Amino acid sequence: MLAYWSSSNSTPSSETLLISSVEGGVIDMDEISGLTTGVLRERAVELMLPVMNKGRTLEEKRKFIIEGLNLCAAAGLTSVQTNDETSISVYKQLQQEELLPLRVFLTPNYDDITVLEENGGLLCNSSSENVIIPPLRPLGFQQSTSSLTPLDMSSQDSRLIIERLKIYSDGSLGAETAAMRVMKPLEEQGNQKGVLIHSRSKLLTMIRNASAWNYRLEIHAIGDAAAEQVLDALLEHVQTSVPCDRRMEVW
């Protein structure tokens, strides 16, 4: 979600009304009262997560995922790509129960590394340290003790692929949060220069972490300032890290 409009009925607390800034996000403020207008953009949306996710369960998420996948299969699709957050355990369970009607390329949000596996995240339940679940790459071939054995592409084992993490480096044109270098004239800008969600150093750390965990990256960069930041970070990573064959994508 790139922008969110909240009402007074959905505000988590009176303290939220007094917050004027969030790193990596924008809170639209009323010029007269100095309070938020209810429009939250980018990481400021996370202030509403306690309200938005209240009472929601993985079982409810599972129900909607099954319905959506079955609709896709009924329409003739054979594969889908999704960025469902905190949903890894749901998809793995559906695979184990042979309930995936088509192939799913799941790209979790990078922030899922802070969420336990039992809650749909990437953080292993069984480890006392911060161990990340490894990628799931069943396509192509499986390694056996004696040879490479072709994988049955019709089997459930081939229907779930989790090999990329999603990073958002800026917002969108629609929400006026795409990070741009060339701006409109001041009188036409409104409040928007756009939003760089991460500092360059943090972005570089995230890229290095994903590489160390053997994940590819899918990086959202709409504005030219965001694209420049991402490409610079990727270049530094490539120049200072051990070469690998994992492709990083910038969208």
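Biologist: Which residues make the nonpolar surface patch of about 270 Å²?

Modeller: Leu-173, Met-180 and Ile-222 make that patch. Keep in mind that this is a predicted model.

Biologist: Why is Met-180 called partly exposed?

Modeller: Its relative accessible area is 33%. Buried means under 20%, and exposed means over 50%. Met-180, at 33%, is therefore partly exposed. Met-180 sits in the loop between S9 and helix H5 (186–189).

Biologist: Why does Arg-164 count as buried?

Modeller: Arg-164 has a relative accessible area of 11%. The cut-off for buried is under 20%, so Arg-164 is buried. Arg-216 comes out at 10% relative accessibility and therefore also counts as buried.

Biologist: How do you know that Glu-218 and Arg-164 form a salt bridge?

Modeller: Their closest N and O atoms are 3.3 Å apart. The criterion is a Lys or Arg side-chain nitrogen within 4 Å of an Asp or Glu carboxyl oxygen. The pair therefore qualifies. Both Glu-218 and Arg-164 are buried.

Biologist: What makes this pair a tie between parts of the chain?

Modeller: Glu-218 lies in strand S10 and Arg-164 in strand S9, so the pair ties together parts that are 54 residues apart in sequence.

Biologist: With which residue does Glu-249 form a salt bridge whose closest N and O atoms are 3.0 Å apart?

Modeller: With Arg-164. That pair links Glu-249 in strand S11 to Arg-164 in strand S9, 85 residues apart. Glu-249 also forms a salt bridge with Arg-216, and there the closest N and O atoms are 2.5 Å apart. Arg-216 is in strand S10, 33 residues from Glu-249 in strand S11. Both distances fall within the 4 Å limit, so both pairs count.

Biologist: Which residues are linked in a network of salt bridges?

Modeller: Arg-137, Glu-163, Arg-164, Lys-166, Arg-216, Glu-218 and Glu-249. The structure holds 15 salt bridges.

Biologist: What makes strand S10 mostly covered?

Modeller: Five of its five residues, 216–220, are buried. Both faces are covered: Arg-216, Glu-218 and His-220 on one side, Leu-217 and Ile-219 on the other.

Biologist: How do you know that S10 pairs with S9 (residues 164–168) and with S11 (residues 248–250)?

Modeller: Count the bridges. Five join S9 to S10, in parallel. Three join S10 to S11, also in the parallel sense. Pairing needs at least two bridges, so both cases pass. Lys-166 has Glu-218 as its bridge partner in S10, and Ile-219 has Val-250 in S11.

Biologist: Why are S4 and S8 (160–161) called edge strands?

Modeller: The open sheet has three strands, in the order S4-S5-S8, with parallel pairing. S4 and S8 each pair on one side only. Four bridges connect S4 (residues 79–82) to S5 (residues 103–106). Two bridges join S5 to S8. Phe-105 stands opposite Ile-161 in S8.

Biologist: Which face of S4 is covered, and which is uncovered?

Modeller: Val-80 and Thr-82 form the covered face; Ser-79 and Gln-81 form the uncovered one. Ser-79 has Arg-103 as its bridge partner in S5. From S4 the chain crosses through helix H4 (residues 88–96) to S5, in a right-handed β-α-β crossover.

Methods:
Residues are numbered from 1 along each chain as its sequence is written. This is a predicted model: local features need pLDDT of at least 70, side-chain atom pairs count only at pLDDT 80 or more; totals for chains, interfaces and linings use all residues. Side-chain values use heavy atoms; hydrogens and water are left out. Buried means under 20% relative accessible area, exposed over 50%, partly exposed in between (1.4 Å probe, protein chains only). Patches are made of residues with over 30% relative accessible area and no salt bridge: like charges are joined within 9 Å, nonpolar side chains (Val, Leu, Ile, Met, Phe, Trp, Tyr) within 5 Å. Accessible areas come from the Shrake-Rupley method with a 1.4 Å probe; for residues, only the protein chains shown count as cover. A crossover is right-handed if, with the strands pointing away from the viewer, the path from the first strand over the helix to the second runs clockwise.
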